[in-house]
Amino acid sequence: MKTLVVLVLWALAAVCLSSGVFVERDQASTVVSQKRSGSLSLTQLESLREVCEAHLACEDMMDTAGIIAAYTAYYGPIPY
């Protein structure tokens, strides 16, 4: 029984390593630092969302890249 558990864990680890589930350290730190830098309140984010929804391309980008990236790409720096 122990052998079966060990074999299953090894197979799971092999699948995870081969399929790219894990990311490199520099990529992970970039994502974490981007999430930490978001100091906008929910009201401010909703305001950005409303402005971006008025522009179809901005709205599409907002769905894939996020509110802040879409707003910045189409309207420039965030005013607050």
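Buried here means under 20% relative accessible area, exposed means over 50%, and partly exposed lies in between (1.4 Å probe, protein chains only). This is a predicted model, in which local features need pLDDT of at least 70, side-chain atom pairs count only at pLDDT 80 or more, and totals for chains, interfaces and linings use all residues. Residues are numbered from 1 along each chain as its sequence is written, and side-chain values use heavy atoms, with hydrogens and water left out.

**Whole chain.** Start with everything shown as a cartoon. The protein has five helices and zero strands, where helices (H or I, at least four residues) and strands (E, at least two) are DSSP runs numbered from the N terminus. Of the 80 residues, 11% are buried. Taking contact as heavy atoms within 4.5 Å, residues 24 or more positions apart account for 19% of the contacts with a separation of 6 or more.

**Helix H5.** Next, select residues 67–75, which form helix H5. Ile67, Ala70 and Tyr71 are buried in this helix. Looking down the axis of H5, you find its buried residues within an arc of 95°, so they line one face of the helix; the arc is that of the directions from the helix axis to the C-beta atoms. Helix H3 (42–53) and H4 are included in what covers these buried residues.

**H4 against H5.** Axes are lines fitted to C-alpha atoms, for helices over the stretch in contact, and angles run from 0 to 180 degrees between N-to-C directions. On the H4 side, the contact is made by Ala57, Cys58, Met61, Met62 and Ala65. The H5 side supplies Ile67, Ala69, Ala70, Tyr71, Ala73, Tyr74 and Tyr75. These contact residues divide into twelve nonpolar, no polar and no charged, with Ala, Val, Leu, Ile, Met, Phe, Trp, Tyr, Cys and Pro counted as nonpolar, Asp, Glu, Lys and Arg as charged, and the others, Gly among them, as polar.

**Two tyrosines.** Now show the side chains of tyrosine 71 and tyrosine 75, which lie four residues apart in H5, about one turn of the helix. A search of the whole structure finds one aromatic pair. Tyrosine 71 and tyrosine 75 form this tilted pair, 5.2 Å centre to centre with 35° between the planes. Rings of Phe, Tyr and Trp (its six-membered ring) pair if their centres lie within 6.5 Å; planes under 30 degrees apart count as stacked, over 60 as edge-to-face and the rest as tilted. Tyrosine 71 is buried, with a relative accessible area of 10%, while tyrosine 75 is partly exposed at 36%.

**End of the helix.** Finally, select glycine 76, which follows H5 and has a positive phi near 90°.
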